[in-house]
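Visitor: Please bring up the sequence and the model, and then let us work through them question by question.

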Amino acid sequence: MFKNLNPSALGVSGHLSEVIEIALTYGFRGMDLDIEDFASRVRRQGFDYAARLIRSASKMLRLGNFTLPFDWEGEEEAFRAGMERVPEYGLVASQIGCPRCVLSISPASDQLPYHENFEVHRRRLAEIADAMASAGIRIGLRFQAAPSLRKDRTFQFIHDLDATTLLISMSGSKNVGLVIDVWDWTVSGLPVEKLRSIPVEQIVAVQVADLPANVPIPEAREDQRLLPGEGGGIDLVSFLRILADMGYDGPVTPMPYRGLFGRMRRDTVARMAGDALDTVWRAAGLPSDYRAGAVLAGASSLSSSKESSKEQEASDN
C-alpha cells in the first residue's frame with residue numbers, strides 16, 4: 001500500500017505541476033486524479049499532451065482514486081446528464097493508470113424512504129459500474145457513519161458496513177467493492193479486528209482520519225475528523241498493520257475535516273498531513289521512504305519545467 005494525497009480533501013490547489021511537486025516533496029507516493037479536469041484536457045489537447053506531467057512523475061508517484069464530478073445521488077435528470085461522460089472518464093482514467101473510482105453514500109434523505117432510496121442507489125451503482133467495467137475501473141463505496149449527518153433528517157439510509165455490503169451484492173456488479181474509511185468504521189461501532197473478515201480483493205481504497213479520544217462515539221461529528229495520530233481516539237496503527245498482513249496494496253489517503261486548516265498555506269497543510277501519516281506508518285512498522293533523496297531529486301526535476309507548464313496550463317484554462 002502507498003501513502004496517497006487527495007488535494008481537494010486538504011484544500012491543496014494549484015497547477016498540476018505544483019500539486020505533483022507538493023505530493024512528492026511531503027512524502028506521498030500517490031495522488032488522486034481530478035478526472036473532470038484531466039478528461040477536459042484530453043479532449044482539447046489529445047491524450048499524450050494532457051498526460052505528459054503525470055507520466056513524467058510516474059516512476060515516483062502513482063495515481064490513487066478519482067471521484068465522479070456530479071452528484072450520483074441527485075435528481076434523475078442531473079444523474080442522466082452526468083452519466084453521459086462516465087464511459088469517457090473510465091477510459092481516460094484507465095489510460096493514465098488510475099483504476100479506482102470512489103463513491104460516497106449519503107446516510108439520510110428528505111425525499112425517499114429507505115427501500116425506495118436503496119433501489120435508486122442499486123440501479124445507479126450498477127449503471128456506473130457497467131459503464132466503467134470495460135475500462136477495468138473498480139468502484140469503491142464509502143458509508144458515512146457520523147450520527148450528526150442523520151440528525152433531523154426525514155429518512156435514515158445506509159450508514160454501516162452490513163447495509164453497504166448488501167447494496168454491493170444487490171448491484172450484481174463484480175467491479176464494486178468497499179472503501180475502508182477507518183474513521184467511519186470506528187464511529188459505526190466496528191472493532192478493528194473485524195477488518196480481517198473482509199476479503200482483501202473487496203477493498204478498493206482506504207481513508208484515514210483520527211478522532212479526539214474524549215469524544216463519545218454517538219456524539220462524533222464530521223468536523224472532528226483529525227489528521228492521523230492527532231486525536232488518539234482511533235487505533236490507526238492496528239488498522240495499518242492488519243491491512244499490511246492482508247496484503248492490501250492500494251492507496252491510503254488522509255481525509256481530515258477540510259475546515260481544520262483555515263487559511264494555512266497549502267505547503268504547510270501538505271507537510272502536516274505527510275508528517276502525520278508518516279508517523280503512524282512508521283509506528284505500524286511499515287517500510288517508509290519518506291523524503292528519500294531520489295524522490296526529492298525527482299521533484300526538483302519536475303520544478304525545472306514548472307514555469308512553462310504553468311504558462312501552458314493557464315492558457316488552457
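Visitor: How much space lies in the largest pocket?
Guide: This is a predicted model, in which local features need pLDDT of at least 70 and side-chain atom pairs count only at pLDDT 80 or more, while totals for chains, interfaces and linings use all residues. Residues are numbered from 1 along each chain as its sequence is written, and side-chain values use heavy atoms, with hydrogens and water left out. A pocket is an open set of points on a 1 Å grid over the protein atoms alone where a 1.4 Å probe fits, with protein on both sides within 12 Å along at least five of seven lines. With points joined across faces, edges and corners, and the volume taken as the space filled by probe spheres set on them, the largest pocket holds about 920 Å³.

Visitor: Which residues that line the largest pocket are the closest to its centre?
Guide: A lining residue has an atom within 4 Å of a point. There are 37 of them here, and the closest to the centre are Asn6, Ser8, Leu33, Asp34 and Thr67.

Visitor: Which element gives the most to that lining?
Guide: Elements are DSSP runs numbered from the N terminus: helices (H or I) of at least four residues and strands (E) of at least two. Those that give two or more residues to the lining of the largest pocket are helix H1 (7-10), helix H2 (16-25), helix H3 (35-45) and S4. With five residues, the one that gives the most is H3.

Visitor: Which residues of H3 are buried, and what comes after the helix?
Guide: Buried means under 20% relative accessible area, exposed over 50%, and partly exposed in between (1.4 Å probe, protein chains only). By that test the buried residues of H3 are Ile35, Phe38, Ala39, Ser40, Arg41 and Val42. The residue that follows H3, with a positive phi near 90°, is Gly46.

Visitor: Which element gives the largest share of the lining of the second largest pocket?
Guide: About 320 Å³ of space lies in this second pocket, where Glu73, Gly74, Ser109, Gln111 and Leu112 are the closest to the centre among 16 lining residues. Two or more residues of that lining come from strand S5 (108-109) and from H8. The largest share, four residues, comes from H8.

Visitor: How many residues of S9 are buried?
Guide: S9 is joined to S8 by four bridges, with Leu178 partnered by Ile203, and it pairs with S10 over three bridges, where Gln207 stands opposite Thr253. S9 is mostly covered, and its buried residues number six of six.

Visitor: Which elements cover the buried residues of H11?
Guide: In helix H11 (residues 236-246), Leu236, Val237, Phe239, Leu240, Ile242, Leu243 and Met246 are buried. The elements that cover them include helix H10 (182-187), strand S9 (203-208), strand S10 (251-254) and helix H12 (266-283).

Visitor: Why does Thr186 count as buried?
Guide: Thr186 lies in helix H10. Leaving aside neighbours within four places in sequence, it is in contact (heavy atoms within 4.5 Å) with Ile217, Ile234 and Phe239. Thr186 counts as buried because its relative accessibility is 17%.

Visitor: How far apart in space are Arg122 and Ser173?
Guide: Arg122 lies in helix H8 and counts as partly exposed, at 22% relative accessibility. Beyond its neighbours within four places in sequence, Arg122 is in contact with Leu167, Met170 and Ser171. Arg122 and Ser173 are 51 residues apart in sequence, yet the distance in space, C-alpha to C-alpha, is 9.9 Å.

Visitor: What is the phi of Asp152, positive or negative?
Guide: Most residues other than glycine have a negative phi. Asp152 lies in the loop between S6 and strand S7 (155-156) and is exposed, with a relative accessible area of 74%. Although Asp152 is not a glycine, its phi is positive, at about 65°.

Note on methods
Two strands pair if DSSP finds at least two bridges between them.
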